[in-house]
Amino acid sequence: MKAAPAPAPGRVKVEIRGLAMTFGGDGRDVRVLEDIDLDVGDGELVCVLGPSGCGKSTLLNIVGGFLAPTAGAVRIDGEEVRGPDPRRIFVFQERGVFPWLTVEGNIGFGLSKLPPGQRAERIAHYVRLVGLTGFERAYPQELSGGMKQRVEVARALAVNPDVLYLDEPFGALDSITRLVMRAELLRIWEAEKKTILFVTHDIEESVQLADRVVVLSARPGRVQRIVTIDLPHPRDLSSRRYLELRDSIFEEIGLAHKI
Amino acid sequence: MTASPPPQRSQATGSRAVTHRAEVILLPALAGLFFLGAWQAAVSWSGTDVFPGPLAVFRGLRELAQKGLLVGYVRDSLFRVGAGYALALAVGIPLGAFLGWNAAAAVAANPVIQLLRPISPLAWIPVAIVLFGVGNAATIFLIFLASLFPVLVATMNGVRNISATHLAAGRNFGLSAIALFLRVIFPGALPNVLTGLRIALGVAWLVVVAAEMIAVNSGLGYLVIDARNAGKRYDLVVAAMLLIGVIGLLLNVLMLRVERLRALRWGFRTE
């Protein structure tokens with residue numbers, strides 16, 4: 001028996017129906033995703049959580065238009081996704097920053113069609129938003145991992161997309177920077193009201209950030225459970241409800257929360 | 001005893017940095033003088049009257065300059081290198097970019113490239129003479145061949161190794177194929193291409209000397225072989241050799257400067 005897709009609050013932005021993905025060819029097909037049904041509401045922050053190798057990154061790449069699914073479809077605002085689109089920006093781990101451009105150059109990368117004055121204004125605004133004032137002329141090599149990640153987020157936001165896809169964006173950062181970046185992301189999300197689809201393998205991260213957490217099973221990835229995180233921001237990480245939700249997800253994945 | 005180590009340490013590093021700077025100039029200068037002395041001593045003690053000492057070479061250089069040959073020969077050699085090298089860039093960079101981008105074309109062309117690449121450009125001298133006759137065109141062709149492969153292969157690798165993430169990001173921002181090439185592929189491949197350009201110029205300078213010994217009657221390579229053939233003027237032979245070395249060194253320094261300039265501007269600190 002398959003659970004009906006959990007309804008997204010408000011208007012549906014991203015609609016994933018019957019999605020399946022099989023990799024391979026030479027007789028050894030690997031089924032990576034099966035029967036994924038999911039709705040993401042407009043302005044919602046949804047975390048896709050799963051063990052490594054469960055296909056969550058593949059799912060995000062399909063939704064982003066970088067991969068074509070074997071079966072099923074993704075529709076955004078009712079329109080089927082057929083390729084990458086500047087209205088929906090994919091944020092990679094900090095590897096996506098262009099090393100040959102300065103912070104300004106990176107943030108303005110998607111703005112070449114704007115008149116110079118407007119472009120400069122937009123860049124300045126997002127430099128401020130992600131807290132990189134003073135580093136406008138710096139090259140990525142001169143920045144820390146967290147700062148590079150801010151550049152990527154700013155570059156994505158600068159083209160004013162409706163949707164952001166984040167693929168384990170803070171995975172390469174140290175744990176302190178990661179906490180700071182999560183708070184920053186929530187601040188930016190509240191200021192800019194974007195729909196965010198966030199892939200992570202970090203249970204705590206998903207409970208701290210998401211409106212809903214979509215738990216994927218091990219490969220082939222299916223939607224195992226969808227957990228609504230009914231906690232207002234800012235979230236108290238030692239409140240009973242937070243711990244309950246976190247522990248229920250730990251159990252769902254089959255981990256005792258003890259070491 | 002360890003009351004104030006920080007000032008002591010900073011003083012120590014300060015003075016070490018100064019000696020270091022002096023060493024960089026002083027030590028090579030001493031080594032150079034020692035080399036010249038050893039050369040002169042070896043020539044005098046062996047009593048050779050064929051091989052010149054440094055003083056004779058210096059006089060030879062002066063003689064060439066007075067005859068007005070020096071500037072002309074250097075200019076001819078540099079012109080040939082410049083022309084052949086420019087042709088190699090004009091062919092090698094677009095072709096390398098195409099082969100780096102198009103995997104099928106690369107698979108098809110690779111055996112031919114790998115077969116031609118290890119053939120010394122000098123082996124092409126007879127072919128060049130048959131095709132172009134004795135003259136500038138033959139030397140320029142040889143330099144073109146010699147510098148083509150380093151440029152071609154470096155560009156190919158540069159384009160092929162562009163990060164998939166950078167390409168995906170470029171596409172995500174809605175770049176057209178041309179914009180993607182100009183704004184992602186070209187800058188991404190540039191560090192590799194620049195290294196190829198430097199290697200190619202070094203090879204071109206090696207080859208021009210050899211080509212000039214056979215295919216033309218001017219230039220530094222011609223000077224080496226002509227000074228030997230016309231009266232065993234070994235002072236002029238060695239003078240020409242030193243000139244070739246100095247110009248080769250300057251070309252390499254120039255290319256390193258260009259590479260570092262780009263490297264600095266585009267933030268590639270390592271490699």
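What follows is a short chat about a predicted model with chains A and B.

Colleague: What should I know before reading residue numbers and confidence?
Modeller: Residues are numbered from 1 along each chain as its sequence is written, and chains are lettered from A and ligands numbered from 1 in the order in which they are written. This is a predicted model, where local features need pLDDT of at least 70, side-chain atom pairs count only at pLDDT 80 or more, and totals for chains, interfaces and linings use all residues.

Colleague: How many helices and strands are in chain B?
Modeller: Chain B has 10 helices and zero strands. Helices (H or I, at least four residues) and strands (E, at least two) are DSSP runs, numbered from the N terminus.

Colleague: What percentage of chain B is buried?
Modeller: 32% of its 271 residues. Buried means 20 or more other C-beta atoms within 10 Å of the residue's own; exposed means 12 or fewer, partly exposed in between, with C-beta atoms placed from the backbone.

Colleague: How do α8(B) and α9(B) cross?
Modeller: Helix α8 (residues 177-215) and helix α9 (residues 220-229) of chain B have axes that come within 6 Å and cross at roughly 50 degrees. Axes are lines fitted to C-alpha atoms, for helices over the stretch in contact; angles run from 0 to 180 degrees between N-to-C directions. So α8(B) is oblique to α9(B). Under 35 degrees is roughly parallel, over 145 roughly antiparallel, 65 to 115 roughly perpendicular, and the rest oblique.

Colleague: Which residues make the contact?
Modeller: Among them are V208(B) and M213(B) of α8(B), and L220(B) and I225(B) of α9(B). Contact means C-beta atoms, placed from the backbone, within 7 Å.

Colleague: Switching to chain A. What is the strand order in the open sheet?
Modeller: Four strands run β2-β1-β4-β5 (chain A), with antiparallel pairing. Strands pair if DSSP finds at least two bridges between them. The edge strands are β2 (30-41) and β5 (79-80) of chain A.

Colleague: How many bridges link β1(A) and β2(A)?
Modeller: Eight, with β1 (residues 12-23) of chain A antiparallel to β2(A). I16(A) has L38(A) in β2(A) as its bridge partner.

Colleague: Which strands does helix α1(A) lie across?
Modeller: Helix α1 (residues 56-63) of chain A lies across β1, β2 and β4 (71-76) of chain A, at about 120 degrees to β1(A).

Colleague: And β6(A), are its faces covered or open?
Modeller: Both faces of β6 (residues 88-91) of chain A are covered. R88(A) and F90(A) are buried on one side, I89(A) and V91(A) on the other.

Colleague: Which strand do four bridges join to β6(A)?
Modeller: β7 (residues 163-167) of chain A, and the two run parallel. R88(A) has V163(A) in β7(A) as its bridge partner.

How values were computed:
Contact = placed C-beta atoms within 7 Å.
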